[in-house]
Amino acid sequence: MPILPESFRRFGNVAVLAALSLLLIAPSVQAGSQEEALAAARRGNVGALSRLLESGAVSPNVVDENGNSLLILAVRDGHIEAATAVLRFRPRLDHRNRTGDTALMIVASQGNMKLLDLLLFNGAKTNPIVGENVWTALHYAALEGKLPAVERLLAARADIDALTPNRSDALMLAARNGHTDIVRRLLQTPIDLNRRNDREMTAEAWARSKGNTKIADLIAEAHATRKRR
């Protein structure tokens, strides 16, 4: 093997050390950029967020320790401009954090119609995978009594038959929590009035168990009307 000149070997050693130094520094720099981006999304700092994303310093899909993506953090506190900035980089719209929430679910539960429209316009999915029992945006809107969000999600073809992990549908959740206006709206759809959750309760039974007698009567009346048809 040829012997390299001493000067070249010294230069090579310096190059190797420099390369190793870069390898050690890069992860910390990347971690710092990620934390900065996550903080910017939480605060709604559009300038910092856009700069980090445009430079390629962070992925639009970076998440915090709770699995919250930049998009989730931005919408959670109603930062529509920050959410718009993240959406320019095509993040995963249907990413779920550790509690199973998506950005669409969060804004539906809040009833934030501007953000709901923004996410739907950009392609956020209203429905889970067929056969998968998970919480959806329609479930959250019904549970929290957000009628405009329910209306918008139904217009976007949200699945009225989607079930939560305890096999409850949107009507059951609205009936349980006493949201009469949403129950009336869902009764205009062909939602199954005989469906039972994992406690063997129908929407009507669940409403009565919570003292929501008016809602239970509305469901019973709708059930009788369907039978006469």
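Modeller: Axes are lines fitted to C-alpha atoms, for helices over the stretch in contact, and angles run from 0 to 180 degrees between N-to-C directions. Helices (H or I, at least four residues) and strands (E, at least two) are DSSP runs, numbered from the N terminus. The model is predicted: local features need pLDDT of at least 70 and side-chain atom pairs count only at pLDDT 80 or more, while totals for chains, interfaces and linings use all residues. Residues are numbered from 1 along each chain as its sequence is written, and side-chain values use heavy atoms, with hydrogens and water left out.

Colleague: How are α7 and α8 oriented to each other, roughly parallel or roughly antiparallel?
Modeller: The axes of α7 and α8 come within 8 Å and cross at roughly 155°. Angles under 35 degrees count as roughly parallel, over 145 as roughly antiparallel, 65 to 115 as roughly perpendicular and the rest as oblique. The two helices, α7 and α8, are therefore roughly antiparallel.

Colleague: Is the crossing of α7 and α8 left-handed or right-handed?
Modeller: A crossing is left-handed if the near helix is turned anticlockwise from the far one by less than a right angle, and right-handed if clockwise. By that criterion, the crossing of α7 and α8 is left-handed.

Colleague: Which residues of α7 and α8 make the contact?
Modeller: Contact means heavy atoms within 4.5 Å. From α8 come Ala 149, Val 150, Leu 153 and Leu 154; from α7 come Ala 137, Leu 138, Ala 141 and Ala 142.

Colleague: How many nonpolar residues does the contact of α7 with α8 have?
Modeller: Ala, Val, Leu, Ile, Met, Phe, Trp, Tyr, Cys and Pro count as nonpolar, Asp, Glu, Lys and Arg as charged, and the others, Gly among them, as polar. The contact of α7 with α8 has no polar and no charged residues, and its nonpolar residues number eight.

Colleague: Which residues of α5 and α6 make their contact?
Modeller: The axes of α5 and helix α6 (residues 113–121) come within 9 Å and cross at roughly 155°, which makes α5 roughly antiparallel to α6. The crossing of α5 past α6 is left-handed. The contacting residues are Ala 103, Leu 104, Val 107 and Ala 108 of α5, with Leu 115, Leu 116, Leu 119 and Leu 120 of α6.

Colleague: How many salt bridges does a search of the whole structure find?
Modeller: A salt bridge is a side-chain nitrogen of Lys or Arg within 4 Å of a carboxyl oxygen of Asp or Glu. A search of the whole structure on that basis finds nine.

Colleague: How far apart are the closest N and O atoms of Arg 51 and Glu 36?
Modeller: Buried means under 20% relative accessible area, exposed over 50%, and partly exposed in between (1.4 Å probe, protein chains only). Arg 51 is partly exposed at 44%, and Glu 36 is partly exposed at 34%. The closest N and O atoms of the salt bridge between Arg 51 and Glu 36 are separated by 2.6 Å.

Colleague: Are Asp 169 and Arg 195 buried or exposed?
Modeller: The side chains of Asp 169 and Arg 195 meet in a salt bridge, 2.6 Å from N to O. This pair links distant parts of the chain, 26 residues apart. Asp 169 has 1% relative accessibility and Arg 195 has 15%, so Asp 169 and Arg 195 are buried.

Colleague: How far apart in space are Ile 219 and Val 183, C-alpha to C-alpha?
Modeller: Ile 219 lies in helix α12 (residues 213–228) and is buried at 1% relative accessible area. Leaving aside neighbours within four places in sequence, Ile 219 is in contact with residues including Val 183, Leu 187 and Leu 193. Although 36 residues separate Ile 219 and Val 183 in sequence, their C-alpha distance is 8.1 Å.
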